[in-house]
Amino acid sequence: MLRLPVTFAVFIIAASCSSKQVKQPPVLDNKTVVVAQLKENLPVDTVIRSIPCKTAPAQSFSLYLPPSYSSNVPFPVLMFFDPHGDGSLPVSKYHLLARKFGYVLIGSNNARNGLTPDQTNNIAATLTQDLRTRIAADEKRITLAGFSGGAKVALAYTYSHPEVQHVIYAGAAIPLPLSAPPLAMLGFAGINDMNYTDLLAFDQSIKKTAISHLLIEWNGKHEWPDTAAFRDAFYWLSFEAMRSSQEFDESLLQTFSEAIAKKIAATSEPVSKAMQLNKAIFFLQGITATDRYQVQLDALMADNAFQAALQQKQQALQTESRLKQNYYAAFQDKDLQWWKNEIARMKQMTDPSTTAMYQRLLGFISLACYSISGNAIAQSQWSTAEKMLAIYKLADPMNADQPFFEACYFARLGENKNALISLNRAVDLGLKDPDKILHEPALLSLQNEPGFISLVAKLQQQTISSHR
């Protein structure tokens, strides 16, 4: 019988992300680079992939300084935590928004999935200290932001450091402590994200508190929000500054107001329209009149069409929760052929009312396979590992973690040739961390293999090149 080495509660906490190829940051002509007045003589308006921390040289961060940066004026800062420890990914992704809004961006290259809370908290503390001593940062406008496991890092640090007043999370969350400090929170939930229902539940729990909070749904999966969605983060932080009288930008206010008004007018689906009205009120309250939005929202919520649409959404979420439980039981009860048929059926779904739900369920299956197969390999449960790796590949064929675990599985069985084939496929799908390969105990038997040596050397060279 198939033995599941972890419980549902355990594996759902151990969130995993698909490895992504990182778009290269812009390269500017050296003759046109303006140099910020820092000891390190760092250029502005370009992404620097890796800068060692002064107090802990083994740690590093990615940095972007906007063209308007001056060491004589305090600047707002967004500090990012990526689940794979790739600080340059969000910094590169959002640097054009930072240029427009005048933000310093910093991304940790060390906080990642698999570390203990104490380790990630120390990394965040080191990075924050380094920031304060090297960058002209506005102490009242340092915001932490994270995705998936990185969101948990950002939230955990913010919960225990009341001097940080704003936090942005995407793709995952952790519960508020009983004595949460006063803070403002903005969340992002992709409608195809495997953690979508968990984020909705977290949103509901926050509504029972006095915390200033909004969850924005966007058309994406388990990934950093795209730039169109994340623009709202910069608007929100700018409006938060206006509310505290730190600055006022009439042009920015007008641009957002016109855009949200068009969005509201163009949205016909009642629940989505209510979300847009709520966002307008949340963003603009305290800096301009929001009465017209509140009137529209009250009328909409009293309408039978809205109540019916809301009930339909709630029923769909209940169905999704039930299917999750059924799929978890099926890991043990159903054979591989059943899973092939079921996953093929899920992927063929074209009904707009259920497409997003099945995309989330595929992500749920991927996450379960990630956790169960990893634990099965560690515990030498080979039949469980073989089956879960096969289901993993069916559900999420472009996820680099699947062939990485497959390489571990083959290596533990002494099948070095198959292990190297899987490891190369993992690299082709986006695995780029040579340390992850070198320090994996299951792969120790490969370290004298010529194919393994050349693959690691290639990854190390790519890492050096990307940090130049």
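Q: How many helices and strands does the protein chain have?
A: This is a predicted model, where local features need pLDDT of at least 70, side-chain atom pairs count only at pLDDT 80 or more, and totals for chains, interfaces and linings use all residues. Residues are numbered from 1 along each chain as its sequence is written, and side-chain values use heavy atoms, with hydrogens and water left out. Helices (H or I, at least four residues) and strands (E, at least two) are DSSP runs, numbered from the N terminus. Counted that way, the protein chain has 17 helices and eight strands.

Q: What percentage of the residues of the protein chain count as buried?
A: Buried means under 20% relative accessible area, exposed means over 50%, and partly exposed is in between (1.4 Å probe, protein chains only). Of the 468 residues in the protein chain, the buried share is 52%.

Q: Among contacts between residues at least 6 apart in sequence, what percentage join residues at least 24 apart?
A: A contact here means heavy atoms within 4.5 Å. Taking the contacts in the protein chain between residues at least 6 apart in sequence, the share that joins residues at least 24 apart is 67%.

Q: How many disulfides does a search of the whole structure find?
A: A disulfide is a covalent bond between the sulfur atoms of two cysteines. The search rule is a pair of cysteine sulfur atoms within 2.5 Å. Cysteine 53 is buried at 2% relative accessible area, and cysteine 369 is buried at 0%. As for disulfides, the search of the whole structure comes back with zero.

Q: Which residue forms a salt bridge with aspartate 130?
A: A salt bridge is a side-chain nitrogen of Lys or Arg within 4 Å of a carboxyl oxygen of Asp or Glu, and by this rule the count comes to 13. With the closest N and O atoms 2.5 Å apart, the partner is arginine 134.

Q: Is glutamate 139 buried or partly exposed?
A: Glutamate 139 forms a salt bridge with arginine 132, their closest N and O atoms being 2.9 Å apart. Arginine 132 has 30% relative accessibility, so it counts as partly exposed. Glutamate 139 has 40%, so it counts as partly exposed.

Q: How many residues apart in sequence are the parts tied together by arginine 425 and glutamate 406?
A: The side chains of arginine 425 and glutamate 406 meet in a salt bridge, 3.3 Å from N to O. Arginine 425 sits in helix H15 (residues 416-428) and glutamate 406 in helix H14 (residues 401-412), so the pair ties together parts whose separation in residues is 19.

Q: How many of the 14 residues of H2 are buried?
A: H2 is largely enclosed by the rest of the structure. Its buried residues, among them Leu89, Tyr94 and Phe101, pack against partners including strand E1 (47-52), helix H6 (227-243) and helix H7 (250-266). The buried count for H2 is ten.

Q: Within what arc do the buried residues of H11 fall?
A: In helix H11 (residues 336-347), the residues Trp339, Glu342, Ile343 and Met346 are buried. They pack against helix H10 (304-333), helix H12 (352-378) and helix H13 (382-395). The arc is that of the directions from the helix axis to the C-beta atoms. Seen down the axis of H11, the buried residues line one face of the helix, because they fall within an arc of 95 degrees.

Q: Which residues does valine 153 touch, not counting those up to four places away in sequence?
A: Valine 153 is found in helix H4 (residues 149-160). At 10% relative accessibility, valine 153 counts as buried. Leaving out residues up to four places away, valine 153 touches Phe81, Ala111 and Thr120.
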